[in-house]
Each structure stands twice: as C-alpha cells, then as structure tokens.
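Here's a quick tour of the model, starting with one of its sheets and then stepping back to the chain. Have the structure open as you read.

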Amino acid sequence: MQVDMGEPMTPQDRLTDEQGRLATLHRYDILDTPAEGAFDKITEMVRSVVGVPISAVSLIDRERQWFKSIAGLDAAQTPRSVAFCDHTIRQAEPLVVADAQTDARFVDNPLVTGDPGIRSYAGVPLRTPDGYQIGSLCAIDTKARDFSPEQLAVLSGLAPIVVEQMELRLLAERDTLSGALTRRAFIAEVDKQIALFLRHQRPSALLLLDIDHFKAINDSHGHGAGDEVIAAVADLCRGLSRPSDSLGRLGGEEFGLLLPETSEADALAAAQRFCDTLARHIVPHDPPLTVTASFGVAAVGRNRLTSASWIAAADAALYAAKRGGRNRVMLAPQDALRAA
C-alpha cells in the first residue's frame with residue numbers, strides 16, 4: 001500500500017504500510033547477524049517466567065521470518081507464509097492462540113501439523129519508535145494452554161526492551177562525529193560484499209579517502225575546526241552516494257566508501273567526482289575552509305577475497321595518490337598491497 005505522505009500517518013496507516021515497515025526493518029541492519037547475548041537473555045527470561053519451552057525474537061522480512069534469538073528450538077528462519085508472528089505484526093495488540101489445532105488460521109500450518117508441533121502461542125509486536133511493527137517477541141508451547149494477564153504483561157514489558165537493544169546496537173555502529181559506520185561495522189559490510197561476490201560473482205568496489213594535510217588544519221585552526229571538516233566531508237560523501245552505498249569512518253581523517261554493484265571503471269569515475277566536488281566545497285568556519293582528499297580505488301576480485309586484503313589494496317592506491325601529490329585518485333593494480 002502506498003500511503004499519502006501529504007497527511008500525517010496514523011497507527012493504522014503504519015500497520016498497512018509494508019514498504020515503510022520493510023525500510024524500517026532494514027535500517028537496523030540486523031538480519032543475518034550472529035547471535036548476541038542481550039537478545040538471548042530476553043528469550044531465556046521469557047521461557048523461564050512464562051513457562052514455555054520455546055521463545056523467540058522474530059523479525060518479519062519480505063518473504064521470511066528470521067530469528068535474532070530463539071531459545072528451545074534449533075532454527076534460523078521459516079517462510080513468512082507459515083509465521084505466527086506475521087499475524088502478530090498486523091494488529092496493535094498481542095496475538096494469543098490458546099490452541100492452534102482449533103484455530104482456523106493455523107490448523108493446517110506445517111509448524112502445527114509437523115515439527116515443532118506448535119499448539120499455543122503468545123506474541124507481542126516489536127514496535128519501533130516511528131511506529132512500525134517489524135517482528136515480535138513470542139512465547140510458544142507444544143501443548144494447548146491459556147496465557148495469564150500477568151504472563152502477557154511480562155511479554156509486553158520485554159518487547160520494548162528488545163527494540164531498545166536494536167536501537168543501541170544501531171548507535172554502537174555509528175561514529176558520533178561523522179554519522180558514518182564505525183570501522184567494525186564497515187568491515188562487516190565489506191565482508192557481506194565479498195560473500196556476494198563469491199556466491200554470485202556480483203561486482204563491488206571500495207574507495208578509501210584520506211583528507212589531505214589534516215594535521216595542519218588542526219594545528220592552524222584548532223581541533224574544533226578539524227571536527228567540522230570531518231563532519232563536512234562525511235556529509236558531502238553521503239550527499240553524493242546512493243542509498244545502497246556504505247560510508248565508514250576507518251580512523252582519524254580516513255573514510256571508506258563501499259559501492260555495491262559497481263564496476264572498477266564506474267568506481268574510478270565516482271571517486272573522481274567525489275574528489276573534484278570536495279575540492280570545490282567550502283567548509284563553513286571562520287575563516288571558511290577548503291580541503292582536498294586523496295583516493296584509492298579497488299574492485300573486489302582475485303587476491304581481494306578477505307576484508308583485510310581488499311582494504312589493503314585500496315590502501316596501497318590511496319598512499320600512491322598521497323605520494324603523487326595528493327588531491328587525486330589512484331586505482332589499485334590487482335596485485336597491489338602496501339608494505340606494512
């Protein structure tokens with residue numbers, strides 16, 4: 001459903017705005033990530049307090065249900081079409097199923113008729129601060145049962161904590177000054193692109209940029225001016241990037257730009273555009289500042305099948321740009337690695 005953005009969205013609008021819901025889910029960048037203790041503690045608490053064999057933090061993607069945490073069952077995901085939690089996100093209040101074998105919605109569900117043999121279910125929507133329901137915190141039993149008001153209150157109290165953990169997780173992946181991904185989060189994105197290349201031969205390119213003469217900016221104008229330059233460069237990079245690109249601050253005055261579905265030639269042209277635009281940009285300050293940056297470009301490929309080797313190749317090209325006079329773009333040969 002396409003919501004008319006000319007009117008304020010109501011809670012009911014958000015329940016039916018699937019495009020907005022999916023965009024909100026993907027903003028958290030949590031799908032297909034490893035298990036994390038903060039979420040596992042919550043599902044174990046639900047099992048203990050509510051007295052069920054299975055509990056899950058379930059996230060509903062476009063075609064699947066994926067478990068950020070699941071206690072009491074060895075599963076990573078299911079088709080969305082069989083997910084009880086898909087019903088949960090479509091309503092504002094908790095979903096309670098006392099006996100799935102007598103509920104017309106679930107009596108033929110393969111999760112009821114086969115493993116794990118779900119008979120009863122209680123799920124509370126995971127509602128984000130902007131009002132979208134991206135999944136649920138649920139309690140599951142293999143026997144028919146009622147859930148008491150007190151048990152539902154436990155689930156309702158823990159569901160917002162799950163969302164808070166997702167928000168904290170997102171904040172931890174962002175550099176506070178620039179808003180770019182932290183080095184750890186950026187490398188995780190690099191690893192994802194390598195996996196796509198290995199699995200499907202999808203092209204991708206990596207740009208590293210280092211602000212030229214940054215120490216001189218700090219020495220002449222103070223660290224406050226240096227911070228303004230860092231923030232301005234990050235803003236400019238975001239403004240020139242596509243939604244699918246990833247910007248990371250790798251340390252100090254060095255940034256990385258990951259360009260999925262981008263050939264080496266297109267990445268080189270993009271880097272030149274970044275370089276030229278930055279050189280013309282005025283950083284608001286008293287007095288106004290102009291800065292340049294040096295760029296290294298490397299496409300994924302042979303000898304670049306780990307994040308370390310791919311970054312090292314782009315790093316070698318970056319330092320060649322520095323040695324060549326700065327404010328320029330250099331392409332890494334396929335075998336380029338900068339000496340330690």
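## The sheet

Two strands count as paired if DSSP finds at least two bridges between them. Helices (H or I, at least four residues) and strands (E, at least two) are DSSP runs, numbered from the N terminus. This is a predicted model, where local features need pLDDT of at least 70, side-chain atom pairs count only at pLDDT 80 or more, and totals for chains, interfaces and linings use all residues. Residues are numbered from 1 along each chain as its sequence is written, and side-chain values use heavy atoms, with hydrogens and water left out.

With that settled, look for an open, mixed sheet of five strands, ordered 8-9-7-12-13. Strand 8 (246–251) and strand 13 (329–331) sit at the edges with a single partner strand each, so one side of each has no neighbour in the sheet.

Phe295 has Val329 of strand 13 as its bridge partner.

Helix 10 (residues 264–280) packs on the sheet and touches strand 7 (204–211), strand 9 (254–260), strand 12 and strand 13, a contact being heavy atoms within 4.5 Å.

## The whole chain

Zooming out, the protein chain has 11 helices and 13 strands. Its C-alpha trace spans about 75 × 45 × 35 Å along the principal axes. Of contacts with a separation of 6 or more, 63% link residues 24 or more positions apart.

Terms used: Axes fitted to C-alpha atoms, helices over the stretch in contact; angles between N-to-C directions.
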